[in-house]
Amino acid sequence: MMRLFAVFLCVVVLVPGGTAHPVLPELAPDEAVRQHLRTRLEAQRRGLDALAVRGEKTQAAASVQAFYEDRQFSPVWVGPKGPRAAVDSLVAVLERADRDGLHPAAYHVDALRALLDESRAASESDARRLADLELLSTDAFLLYGSHLLTGRVSPTELEPSWNVEGRRVDLLPVLQEAARTGAVAEAVQSLRPPQSEYAALQTALQRYRHLAATGGWATVPEGASLRLGARGPRVDSLRRRLARTDDLPPERSAAPDSFGGALETAVIAFQERYGLETDGVVGPATRAALNVSADARAEQLEVNLERWRWLPQSLGRRHVLVNIAAFRLRVVEQGESVLRMRAIIGRPYRETPVFSGEISYLVFNPYWHVPHSIATKDKLPEIKNDPGYLARQQYDVLRGWGAEAQPIDPSTIDWSRLSASNFPYRLRQQPGPLNALGQVKFMFPNPHSVYLHDTPTRGLFARAERSFSSGCVRVEKPLELAEYLLASRTEWSADRIQNVLKTSAAERSVFLPEPVPVHLQYWTAWADEDGTVHFRADIYERDDAVQRALSIRGQ
């Protein structure tokens with residue numbers, strides 16, 4: 001781009017006392033704004049000015065500097081006659097930042113509105129004021145855009161296992177085009193996560209904020225469990241609480257203090273949305289969930305909107321998605337869920353990590369190579385207490401690895417002398433009905449040694465809260481998942497898979513034609529396609545850290 005140079009004629013003016021002062025001729029409005037921008041930004045670059053505008057500290061100073069230097073400091077938001085319409089569009093967009101769970105105040109909204117009002121009330125243009133408006137507008141757009149694009153807080157600050165590369169967009173061309181055309185709302189929309197789940201959460205957030213702003217809901221007082229046939233004022237409180245969130249449709253004939261069939265159905269609907277035992281009884285857990293305030297639920301939605309902003313533009317044309325907090329797995333193809341199942345995840349002291357990988361192969365009739373930590377913390381005490389434990393559970397004891405591994409007769413080992421710091425052996429469970437991995441495991445190599453697998457303890461899937469594993473994810477329908485992943489390998493039909501599992505005890509690996517992305521994520525709130533909002537307990541206590549980070553950055 002050609003550099004433009006202004007030529008100035010110096011005029012000497014004599015003032016009383018005989019002192020001569022050079023005076024620059026009056027600049028055109030555009031050029032005057034440009035000179036103010038140049039002066040402010042060059043001072044900032046030299047470290048002479050922190051680039052605070054009207055008491056508002058700019059947050060994207062380096063990007064603002066680069067943007068205007070590339071343009072030779074020409075403004076984009078203001079013109080010869082003052083603010084352009086694009087500024088109004090920008091302010092309108094920023095005022096709605098709360099719909100993303102963000103804080104409009106973080107994006108200079110009040111200062112921008114005041115500058116606009118001052119500029120339009122003034123009888124003539126003030127170049128300094130317009131330069132202030134220009135700088136704040138650009139900083140606000142870049143800051144809001146970056147937060148929509150990658151989140152307010154870096155996920156690596158809160159999730160040590162995070163390995164997902166987020167979305168990358170050069171914001172400066174987006175800014176320039178938005179300011180030029182005035183299509184600010186469209187530009188901002190292009191920076192939001194494209195997944196439908198994000199838009200559904202936005203809608204849910206507006207709803208719960210409205211509920212909070214209009215009084216929230218009634219709480220259910222302490223007392224005995226409420227169930228079918230119960231009567232009294234606590235039942236009336238329950239009825240009003242469930243009606244507020246549309247779990248209980250309007251009833252014309254029901255007595256307010258009577259627990260009838262319709263109220264029981266409403267309680268079950270609520271329990272389903274909150275991942276509770278669906279027994280229709282309002283016990284301590286259900287009452288606690290009912291009494292969480294509307295404000296707190298809105299904050300929970302804000303936290304989960306932020307988690308979506310951490311993700312890449314695409315999770316994959318088809319992918320496996322595990323929601324750790326919901327104990328659920330689904331397979332998504334072209335945006336549609338084609339397979340759903342329950343999952344069992346890590347205990348709170350052995351959390352399933354949040355990360356992404358690619359399923360590259362399956363193992364039928366797998367051995368379980370017991371991790372050293374589990375062998376010493378869990379299995380060693382069992383072995384010491386029960387000499388027959390290893391044989392009964394079909395464990396081999398090995399020393400060494402690979403071809404050098406040597407089987408050891410368990411009866412020759414003095415187990416009482418072993419400890420976590422002195423355990424030179426490996427434990428390996430043989431394939432079969434007792435194997436902890438069940439009949440198949442799904443491998444996506446990762447530093448956490450975490451994978452998906454079957455399990456012989458099928459009864460645990462009936463539980464509402466399913467945190468029983470040591471970090472891996474146990475899946476409810478492993479054979480259906482295997483059939484789906486191997487569907488393009490026609491030689492691996494459902495009948496052949498069943499035959500291999502029934503007739504062979506040998507471990508067998510089968511590679512997928514192409515790897516399938518798998519994402520282990522942690523969402524404690526989401527909305528279905530039909531708008532039904534779901535909440536889950538924060539089993540790993542991660543929501544507060546995200547909320548604190550959002551609040552700090554919103555000040």
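# Notebook: a predicted model, looked up piece by piece

Entry 1. I began with Gln394, which counts as partly exposed because its relative accessibility is 28%. The cut-off for buried is under 20% and for exposed over 50%, so Gln394 falls in between. I remind myself that this is a predicted model. Where does Gln394 lie? I found Gln394 in the loop between helix H15 (389-392) and S12. Phi of Gln394 is near 65°, a positive value in a residue other than glycine.

**Entry 2. Strand S12 and its partners.** Is S12 enclosed or open to the outside? I noted that 4 of its 5 residues are buried, so S12 is largely enclosed by the rest of the structure. Next I looked up the pairing. S12 (residues 395-399) runs antiparallel to S14 (residues 426-429), and 4 bridges join the two. I wrote down two of the partners. Tyr395 has Gln429 in S14 as its bridge partner.

Arg399 stands opposite Gln406 in S13. S12 and S13 form a hairpin with 6 residues between the strands. In that hairpin Gly400 takes a positive phi near 95°.

**Entry 3. The sheet around S12.** I then stepped back to the sheet. In what order do its strands come? The order is S11-S14-S12-S13, in an open sheet of 4 strands with antiparallel pairing. Strands S11 (368-369) and S13 (406-408) stand at the edges with a single partner strand each, so one side of each has no neighbour in the sheet. I also looked for a helix against this sheet. Helix H14 (residues 372-385) lies across S11, S12 and S14. Helix H14 runs at about 75° to S14.

**Entry 4. Strand S19.** Next I turned to S19 (residues 508-521) and looked up two of its pairings. With S7 (residues 318-323) the pairing is parallel, over 4 bridges. Asn323 has Gln521 in S19 as its bridge partner. With S10 (residues 355-364) the sense is antiparallel, over 9 bridges. There I found Val363 opposite Ser509 in S19. So far, then, I have S19 in a parallel pairing with S7 and an antiparallel one with S10.

**Entry 5. Helix H10.** I checked the length of H10 (residues 233-244). It has 12 residues and reaches 17 Å from its first C-alpha to its last. That is close to the 16 Å expected at 1.5 Å a residue. Which residues of H10 are buried? I listed Arg234, Val235, Ser237, Leu238, Arg239, Arg241 and Leu242. An α-helix has 3.6 residues a turn, so residues three or four places apart point the same way. What do the buried residues of H10 pack against? I found helix H11 (261-273) and helix H12 (284-290). After H10 comes Asp246, with a positive phi near 65°.

Entry 6. I looked up Arg129 in helix H5 (residues 127-150). Its relative accessibility is 15%, so Arg129 counts as buried. Which residues does Arg129 touch, leaving out those up to four places away in sequence? I noted Arg54, Leu115, Glu118, Ser119, Ala122 and Glu124.

Then I went to Gln72. Gln72 sits in the loop between helix H2 (61-70) and strand S5 (78-79). Gln72 is not a glycine, yet its phi is positive, near 55°. I put Gln72 down as buried because its relative accessibility is 8%.

**Entry 7. The whole protein.** Last, I took the overall view. I count 18 helices and 21 strands in the protein. The radius of gyration is 31 Å, well over the 24 Å of the globule rule for 555 residues, so the protein is more spread out than a compact globule. Its C-alpha atoms fill a box of roughly 110 × 75 × 50 Å along the principal axes. How much of the protein is buried? I noted 49% of the 555 residues. The protein exposes about 26,800 Å², and carbon and sulfur atoms supply 51% of that. I also looked at contacts between residues at least 6 apart in sequence. Of these, 69% join residues at least 24 apart.

Definitions and conventions: Residues are numbered from 1 along each chain as its sequence is written. This is a predicted model: local features need pLDDT of at least 70, side-chain atom pairs count only at pLDDT 80 or more; totals for chains, interfaces and linings use all residues. Side-chain values use heavy atoms; hydrogens and water are left out. Two strands pair if DSSP finds at least two bridges between them. Contact means heavy atoms within 4.5 Å. Axes are lines fitted to C-alpha atoms, for helices over the stretch in contact, and angles run from 0 to 180 degrees between N-to-C directions. The expected span of a helix is 1.5 Å times one less than its number of residues. Buried means under 20% relative accessible area, exposed over 50%, partly exposed in between (1.4 Å probe, protein chains only). The radius of gyration is taken over C-alpha atoms; the globule rule is 2.2 Å times the number of residues to the power 0.38. Accessible areas come from the Shrake-Rupley method with a 1.4 Å probe; for residues, only the protein chains shown count as cover.
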